[in-house]
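Student: I've just opened this one for the first time, and I'd like to take a close look at a single part of it. Could you walk me through the core and what sits around it?

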Amino acid sequence: MHINAQSFIYGRTLASQNEAIPYVKVINLTSGDTTNSDSLGNYKIKYAKGKRNSLRFEMEFYSVLIKTIPELFSDEDLLMDVILKSDITDMKGFKLVKSEPFRQTNIIVKPLSTRPSFGDFNDIIKSFAGVSSNNELSSQYNVRGGSYDENLIYVNDFEVYRPQLVRSGQQEGLSFVNPDMVNNLVFSAGGFEAKYGDKLSSVLDVNYRSPVRNSSGFQIGMLGSSFFVDGVLKAKRNIGSRDSIRFSYIIGGRYRGNKNVLTSLDAQGIYKSRFGDLQSLMTLHINRFNRIEFLVNYAQNRFRFEPEYQETTFGTLQSALKLKIGMDGQEIVDYHSVMGGLAFIRKTSFGEFKFMASGVNSTESEHYDIEGKYEISEIDNNLGSSSFGDSKLLLGYGYFINHARNDLKFNIVSFAHQGTVFLRGFKNKNKDMSVGYLRHPSRLIYGFKYQIEQINDVFKEWKYSDSSDYNVSYQSGGDSLIYLFEGVRSKSAIYNQRYSGFAQYHQAFGGVNQLTIVSGVRYLYSSLNQQALVSPRFQLYFEPNKHYNYSHRNDTLPMKKNVLLKAAFGYYYQAPFYREMRDFVGNVNTALKAQRSIHYTTGVDFNFKKFGRPFKFSGEMFYKNLDYLVPYILDNVRIRYYATNSARGYAGGFDMRVNGEFIKDIESWFSLSFLKTDEKITYISSDSAQVESEFLRRPTDRRVSAAIMFQDELKTNKDYRMHLMLNFASGLPYYLGGSARYKEGNTIPAYKRVDIGFSKVLVNGAKTKLKSKNIESMWLGIDVFNLLQINNVISYLWVKDFNNTTYGVPNYLTGRRINVRLVAKF
């Protein structure tokens, strides 16, 4: 007999797709006992004897679920699997949380996106408010006036590093994050928490999924292909037991060749680009409390170009000019990287603790020898002329040689520990207000990290330019000498150690936890410049209508709007890695100090209905006080630093986003951002005096940017879908190097682009069979990039005429191109 035996309620926490949801909080509202489901979604909690029990299931991105349990016999256990409803809206490729609980943009990503894209994951990020980009070939982006180097990226808590030598978007290759492997992501455009590292502008925190069933998928198209495989090789399931051992894996591979896109550029020749990577996340679940994760990435991005000619028309209607260049030589750019990360995760009733070790090896080379002869002429722009479009006056000609042998290698090894400790939380028994809430919960998050960096750089490049025999060789001691337009030769070896740590405290207040305060501090010490940095950070979130809505949840009275007010303040330092320390002539300033940005952010989120359909508005105002800045110039995506802490400035603006069902049951969105960022630069003038410039536009001062993602489908046949992307970004300032940086420069024209995609669902349902294989879904898509054939400018080529006058010839981005894709998931 088991008269006094303890009864249990156990089972699995599942999503609507019948996939396990790990780490769901399970609360017995009757007894106050709390537990969490394990990494497989298994949970087990004590049953309170002699009472009707109620269980509450809570998980971020999912609606709260409360289940009432019938009275059990004293020796009876109850098996109860529960399905949580996702609190997200499907956006045909990724999912946006409708009611973000806190501060950042939270996204759940679906593999094999249907959106028109060149295939890079960061295209999703570029559509967020506060984020801008003017180069569809590059995965890099600016956030609120910051540079490309100011954005943090994590994958499963491992920091990700980008290539350092890249100078143009067509060379860049694939970004690290594989969208087919992503489960969810968190993005913050500023004011982020102390647990995130030491960059000035933004953080992207990506989590790869841990599969619970076998599945696979592929995508093949004219621009490249990808595949993923989810699998469980060994599993032992015993729901009522605390021991559950399983090994799971996810493997993803990508290949992209941009030849079809690059042939739309003005520079013609033989393009041989080959960008590919292979990634895997393997998870060993030792038991419900302990697991080991191993993340590995191998990437090889190779760009080869053998130029033949370039023809560019530019100028105005009154003065139309044409540049013709005949070229020979080749350009070979290689980025080869290997990354591995090992983590042990221990989960207990009072917290979670993670121990990590990782290593990165990157080898980059940029070798080119290109010579060319050009001529610039005025063309006939008379529409009635028989020679319309032909050259009518030769303005100049010249010759150039560009040479480089640049090689960079860096190795990074790090060891880290971070933990989350649940400090306090108890059940509020005030039945008319907040039954089931853990009142005033608090937790402490902390972490430590030790990192070693070893960098070896060979920087050797020169340029020769001659316009109409202005650069004439001369004799010196019997040797024939020529003037080089630009020449650099240097070697550098750097060894650095970083020690960092953080602690942040989360505390909720109010009867339904409608107020949350997060306070934290971060520490960093770098052995190279011997600088110690302390960064206090603070966030506040308040939901003024949460108490009223919860108190009247069972009334017939209408609910108030779900409103979230938020504010953040913090110090953000960015210690130099390497590129910031190297100046134009290859000198490395190892004493360079960290740049600093002080963030002030306030915003509001609220849900509303229009046309009887749900919408959400998000808006933030921000101001950043910038000092100890390292000035730079931006050419295409290449950043060239002055390697001195000689600037101070500011950035301020407003970001907004509206997303909702503009078409019933289909999510679309609109984002709009306003920005102003200026800086003053201190420099040594030609007469050796120290001078501070007036406020100058920073190279990323994009005053207005907007994006629209609109989706639709045929009302009579929802298998036919349309996705429209519109992007606008006002012009950026364009500076030449040297002393020209200390006065206002020119402005690159605004970036305008429209991409459209059409798709047809061929198979929808796991029961469909084709060639004896179960197909969950399959669709065929056609994308049209740059639908309006707009010539967007990314940089300028500088040439001279007979009078030694310099012309800026625009380098245009890609023209209209079509891509066809076939996507299947099994």
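Of the 62 residues in the largest nonpolar core, which touch the most other members?

Tutor: Before we dig in, a word on the model: it is a predicted one, where local features need pLDDT of at least 70 and side-chain atom pairs count only at pLDDT 80 or more, while totals for chains, interfaces and linings use all residues. Residues are numbered from 1 along each chain as its sequence is written, and side-chain values use heavy atoms, with hydrogens and water left out.

Now your question. The members that touch the most others in this core of 62 residues are Phe-121, Ile-125, Phe-187, Leu-204, Val-206 and Tyr-208. Strand S23, covering residues 320-348, gives the most to the core, with five residues. A nonpolar core here is a set of buried Ala, Val, Leu, Ile, Met, Phe, Trp, Tyr and Cys residues joined through side-chain atoms within 4.5 Å. Buried means under 20% relative accessible area, exposed means over 50%, and partly exposed is in between, using a 1.4 Å probe and protein chains only. Strands are DSSP runs of E with at least two residues, helices are runs of H or I with at least four, and both are numbered from the N terminus. As a background idea, nonpolar side chains tend to be buried together in soluble globular proteins.

Let's zoom in on Leu-204. Leaving out neighbours within four places in sequence, Leu-204 is in contact (heavy atoms within 4.5 Å) with Phe-121, Asn-122, Ile-125, Tyr-141, Leu-152, Ile-153, Tyr-154, Leu-185, Val-186 and Phe-187. There is also a second, separate core of 18 residues, and its members include Phe-314, Ile-325, Tyr-796 and Val-809.

Leu-204 leads us to strand S14. In S17 (residues 202-208), Leu-204 is the bridge partner of Ile-153. S14 and S17 run parallel and are joined by five bridges; two strands count as paired if DSSP finds at least two bridges between them. S14 itself spans residues 151-155, and five of its five residues are buried. Both of its faces are covered, with Asn-151, Ile-153 and Val-155 buried on one side, and Leu-152 and Tyr-154 buried on the other.

Most residues other than glycine have a negative phi. Arg-144 is not a glycine, yet has a positive phi of about 50 degrees. With a relative accessible area of 5%, Arg-144 counts as buried.

Leu-265 and Gly-815 are 550 residues apart in sequence, but 6.9 Å apart in space, C-alpha to C-alpha. Leaving aside residues up to four places away in sequence, Leu-265 touches Gln-170, Tyr-271, Tyr-812, Leu-813 and Thr-814.

For contrast, look at Ser-688, in the loop between strand S38 (666-684) and strand S39 (690-692). Ser-688 is exposed, at 64% relative accessibility. Its phi is near 65 degrees, a positive value in a residue other than glycine.
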